[in-house]
Amino acid sequence: MPAERITSRLAGGLRLPPGTAALPLHPWQAREVGHRPEAAALFDAGLLHDLGPAGEPWHPTSSVRTVHRSGAPAMLKLSLGVRITNSRRENLRKELHRGVEVHRLLRSGLGTQWRAAHPRFDIVRDPAWLAVDTPDGAPLPGLDVMIRHNPFGPGDDAVCLAGLTAPRPWPGRTGIHSRLAEVIGGLATRTGRPASAVAAEWFLRYLDQVVRPVLWLDATAGVALEAHQQNTLVILDPQGWPAGGRYRDNQGYYFRESRRAELDRRLPGIGALSDTFVDDAVTDERFAYYLGINNVLGLIGAFGSQRLADERMLLAGFRRFLDAARHLGSPLPAQLLDSPALRCKANLLTRLHGLDELAGPVDSQSVYVTIANPLHS
């Protein structure tokens, strides 16, 4: 689909110079990029035009530079030349290819298999992108934008897990509380059950609705997701129980090297432009951290630190879940259960070492440390 058709649906009645397509940018990024010599040369040559702000407002989401407009068919994942966590967040061309590639991989039949097994979980797709090349064909950094599918309707309660678990101020109340605490408290009041029992059931439902589908994808296709709390969306039913989920992030995919031939049969040429195949040992380390430590153990820690449940009880439930999930075929359950120690990403050390996680080989982008495995017995 031509670029001008994609953005014309999002730009409304914006009047464009002849022969051009609208390219949405974050306002801060638009000001900053205009001072870069490569972009300035294109402005001077009449190949880029600054149209200024226009159209209806867009609103930030919990992924900071992904913006949403109610009723729009797509969200926009914009480039933003500032450091967030450990990286300067300007979209890389390989990430744009990766998002489209995963979308096409799921459309090859894998998505149908996945929905049959887990109908309430999916990936928020990144099926298209826009970018600018210089006249000699080189990518012009800072202008790349991902067109992200918007699968959510006004009635959907889709919550970023990091936002769900984070304590925050509430209007008219003293102290800070997380939405997770509000949900558990509300369920306990409506059901007349102890909050600890409700929390345990909520946690087990979360494992079934969100974690199990991620293990299925790894086992079935050899695709591991960087499913930390920031990349994981939980869909809550009207009562507040986990009823499904979504993964979102066109950066965080690991195609297992051992499954290269199988994935190439599903989508010929996969990985050629996206640089997504990763050695299995590195994939195992990262998958154990992102899904096992950051996501699930972080969730258990939130329950415990907010006095919603006994962490030991939830750890026992996680062990039972993992033991039953061994049959799926992903190596992660056995790794989490049988390893006395795990490798854990050290975000502060990564930042102090000046590492950009989006640059360089995947096995050396971040600092990892060894920690005792609380699941090992």
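## A tour of the sheet and its helices

Start with the open sheet: its 5 strands run in the order β1-β2-β3-β8-β7, with antiparallel pairing. Strands pair here if DSSP finds at least two bridges between them. Helices (H or I, at least four residues) and strands (E, at least two) are DSSP runs numbered from the N terminus. In general, strands of a sheet pair through backbone hydrogen bonds.

This is a predicted model, in which local features need pLDDT of at least 70, side-chain atom pairs count only at pLDDT 80 or more, and totals for chains, interfaces and linings use all residues. Residues are numbered from 1 along each chain as its sequence is written, and side-chain values use heavy atoms, with hydrogens and water left out.

Click on Trp129; its bridge partner in β8 is Met146.

**Helices across the sheet.** Select residues 3–11, helix α1, which lies across β3 (74–77), β7 and β8 and runs at about 95° to β7. Then select residues 93–117, helix α4, lying across β7 and β8 at about 155° to β7. Axes are lines fitted to C-alpha atoms, for helices over the stretch in contact, and angles run from 0 to 180 degrees between N-to-C directions.

**α7 and α10.** Select residues 195–221 (α7) and 311–325 (α10), which pack at an angle of about 30° with their axes 10 Å apart. α7 is therefore roughly parallel to α10 (angles under 35 degrees count as roughly parallel, over 145 as roughly antiparallel, 65 to 115 as roughly perpendicular and the rest as oblique). Residues making the contact (heavy atoms within 4.5 Å) include Phe203 and Leu207 of α7 and Phe318 and Phe321 of α10.

**α6 and α7.** Keep α7 and select residues 179–191, helix α6; the two pack at an angle of about 115°, with their axes 9 Å apart. Among the residues in the contact are Leu180 and Ile184 of α6 and Trp202 of α7.

**Gly34.** Finally, select Gly34, in the loop between α2 (27–33) and α3 (37–44). Is Gly34 buried or partly exposed? Gly34 is partly exposed, with a relative accessible area of 30% (buried means under 20%, exposed over 50%, partly exposed in between, with a 1.4 Å probe and protein chains only). Leaving aside neighbours within four places in sequence, Gly34 is in contact with Ala40 and Phe43.
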